[in-house]
Amino acid sequence: MPCLHFLDMKRYKIEIEPKTLHFINPAGTSRGVYRTRQSYFLRLTDAQRCGIEGIGECAPLLDLSCDALPQVEYEERLRHFCNEFEQKGMIDYVAMQDYPSMLFGLETALAQLDAQGSVDLFDTSFGKGNEGITINGLVWMGTFDEMFARLEEKMKAGFRCVKLKIGAIDFERELDLIRHIRTTFSKEQIELRVDANGGFTAAEAMCRLEALAKYDLHSIEQPIRQYQWEAMARLCANTPLPIALDEELIGVNHRERKIELLETICPQYIILKPSLHGGIVGTQEWISLAQERGIGSWITSALESNIGLNAIAQLTAKVYGNDIQMAQGLGTGLLFSDNVPMPLEIRGDKLWIVKQ
Ligand SMILES: [Mg+2]
């Protein structure tokens, strides 16, 4: 393609491509059932770097992301930030702080442009296809039989860490399921994480944590709904089972507020979703603020297409380096019937970049 002289045009150009992705199996979450999801791909080009393109994905989650605006408003705001970038050639982190999904898309597009269009965004051994990232298998909510069958499937596929979404069937049945899993598979055979998605009341939560703790679980995500810092702090101080904050971090985008949250609640872990929790820069800030306070973290995807998933995996490899101890929650990319091709592959319980 002939290259236009960069003085005759804006140096940077961003095309926004709306993309509706269709789930192969409708995804049941605490917020209802998703059949499709709306994403936006940003295609960033630079007149000084002809033929190279950086693609990023903005993937807000309806009813969950702090920047999930009504569609027209979202698109207008996104176009505004892209125009600003085209003019200034840099990301305005202050202006974009409260729009994590938009920020993540723009950061990803720029990272790929700076990586000369490679999917190896941050020059890591994962990005080069030399190392895989250990991930957890995810068992969606369902009936007892469905959930147990899905778990066995994950074990057969080679997963050694499985996360169960609880809160869909009644708690006693869920405990039965976990007890049944534990009588079949030991702690050494399978690490179990559960995610309550804020499903317990503050009054019942401690009893439920005690009941769950009998089965050697690794951790529980968000036992009670967010914005109850005092109740959550009490749980974290007394829990027999490590607690990981997830939804609690949504909308907490400023450094001082992050510190306040970590120091008030003192959780055992935080879980980071770059599309929801501050993009690349905001996620890195969360991780280092947590580390300074002895709080662990891991990274998970949030129903992005392969564009977003790759960026999240690359970021994971960058921030945890060769020292990734914990299984990360990087979705398989097998969720959508119309996903974007990407050299990502799961072998056993690791996510790999397949060398070209
Ligand atoms: Mg969660």
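Select Gly158 to start. Just after helix α4, Gly158 takes a positive phi of about 110°. This is a predicted model, where local features need pLDDT of at least 70, side-chain atom pairs count only at pLDDT 80 or more, and totals for chains, interfaces and linings use all residues. Residues are numbered from 1 along each chain as its sequence is written, and side-chain values use heavy atoms, leaving out hydrogens and water.

Step back to α4, residues 144–157. Helices here are DSSP runs (H or I, at least four residues), strands likewise (E, at least two), numbered from the N terminus. At 1.5 Å a residue, the 14 residues of α4 should span 20 Å, and the end C-alpha atoms are 20 Å apart, which agrees. The expected span is 1.5 Å times one less than the number of residues.

Now select Phe144, Met147, Phe148, Leu151 and Met155. These residues of α4 are buried. They cover an arc of only 95° around the axis, which puts them on the same side of α4. The arc is taken from the directions from the helix axis to the C-beta atoms.

Turn to the other side of α4: Asp145, Glu153 and Lys156 are exposed. Buried means under 20% relative accessible area, exposed over 50%, partly exposed in between (1.4 Å probe, protein chains only).

What covers the buried residues? Among the elements are β5 (137–139), β6 (161–165), α5 (171–184) and β7 (191–195). Contact means heavy atoms within 4.5 Å.

Last stop: α7. Trp229, Met232, Ala233 and Cys236 in α7 meet Arg257, Glu260, Leu261, Thr264 and Ile265 in α8.
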